[in-house]
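Please open the structure in a viewer and keep a selection panel at hand. The stops below are arranged so that each selection leads on to the next.

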Amino acid sequence: MKISDLFQISLYGIKTHKLRSVLTTLGIIIGVGTVISMMSIIEGINGYVYKEFGAVGSDVIYIQKYKWKVFVGSAEREWWKKFKEFPDFTEDDLKDIKELDFVENASISLDLFNLKEAKYKNKKLEDLDVIAVTPSYFEVSGYKIESGRKLNEDDEFFKRNVCIIGKYIEETLFEEEDPLGKEIKIGNKNFLIIGVLKKRGEIFGQSLDRIIILPFSKGKELKGKPVFDWQEVFISPVIQVKIKKNYELKEAMEELRKFLRKRRALFFTDEDNFSLNTQEMLLQIYRSITGGIFAAMIGIASLALLVGGIGIMNIMLVSVSERTKEIGIRMAVGAKRKDILYQFLLEAILLTSIGGFLGLFLGALIGKLVDILTPLPSRIPPWSIFIALLFSMVVGIFFGIYPASQAAKKDPIECLRFE
């Protein structure tokens, strides 16, 4: 029998039992829909996070007291305490680091956790990120100026009360006004706005444009005291080092480590009293988090497909039983056992494939709704469509082969006597 004839017979069998066919494919629809929706969300977040991490710079080394890490639980504060005793980095450190052969540029910055508010006329913004930096920070960090100018050496030398604001602050405090040349109040001091940063958007609902940048020398004057002593580690200066293009990052990190150990006169048995952090470490942390989510998603989807496959096998067995007379008639007019086998196997594959298509559509719809209604982005990777449909067909073959073989083994005489 031709494959086209088998296909038409199988399709006819599905059409004549529409409700049963829909119920049969529900497990596959849910399983594939879960995989596609979760995968589109994770892929969307991946694209956004890699883009943002890319802005950090793959050729930049961050010299800090502590190593970047993700903490869960009360052990966090105890872990930070040991870094509190490490010496702070200074502008003299920065000056000497800039002289190293592999360094293209370097800057130093200071987070001002005590300054979180900005006021303009009768408007006030809270929970802002205020940092103090040296002029070279813009060449190292990737921050771009949209209007106005960057900080310069005179701002740094004279400790001027000038600032550069993020796009969110411009849009919220000034609305239709041009902020350049205006003064905003940060803490108890007025600062002249000399520049506005390019918009960077949001990540996980958190705006990246709620930032104010001050001269480093002015920031040292405004630095507040931590509420808890272990918080001292967070308000210590950070040096950013951009390495030259012809140097490997690992090689530069090792050279930098040797330089800092020698500069701090560490004995060979002493541990480093500093840490070197890079963009790759952020990516590793991110991959470790999303890797767990991805594994859980695969587990849930596999369970849904397993349940769906078992459902298909059961309903196909019922279908074989109900259609015993049909099987007998087909055998009586010349159909071979392999034709019966192929007919029911193809019917199972068609059911799971249709379920796969519907699940694909459902998953894409859920991913799109999440993209529209929440801060989470979504994007369906093309290869996931192929994988989803392939797994749907494999489930059809695996769970359809037993009912199909049972149909093919039936005795045609007994089938014709079946009532």
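**First stop: helix α11**

Select helix α11 (residues 324-332), where Thr324, Ile327, Gly328, Arg330 and Met331 are buried; buried means under 20% relative accessible area, exposed over 50% and partly exposed in between, with a 1.4 Å probe and protein chains only. These residues lie on the same side of α11, because they cover an arc of only 165° around the axis, the arc being that of the directions from the helix axis to the C-beta atoms. Helices (H or I, at least four residues) and strands (E, at least two) are DSSP runs, numbered from the N terminus.

This is a predicted model, in which local features need pLDDT of at least 70, side-chain atom pairs count only at pLDDT 80 or more, and totals for chains, interfaces and linings use all residues. Residues are numbered from 1 along each chain as its sequence is written, and side-chain values use heavy atoms, with hydrogens and water left out.

**Second stop: α11 against α12**

Which residues make the contact between α11 and α12? Display Glu326, Ile327, Arg330 and Met331 of α11 together with Arg337, Asp339, Ile340, Gln343 and Phe344 of α12; contact means heavy atoms within 4.5 Å.

Select Gly396 in helix α13 (residues 382-408). Gly396 counts as buried because its relative accessibility is 0%. Leaving aside residues up to four places away in sequence, Gly396 touches Leu345, Ala348, Ile349, Thr352 and Ile401. A separation of 8.3 Å lies between the C-alpha atoms of Gly396 and Leu346, which are 50 residues apart along the chain.

**Last stop: strand β12**

Select strand β12 (residues 211-215): five of its five residues are buried, so the strand is largely enclosed by the rest of the structure. Strand β5 (residues 129-133) runs parallel to β12 and is joined to it by five bridges; two strands pair if DSSP finds at least two bridges between them. Here Ile131 stands opposite Ile213. Strand β7 (residues 162-165) runs antiparallel to β12, with two bridges, and Ile164 has Ile213 as its bridge partner.
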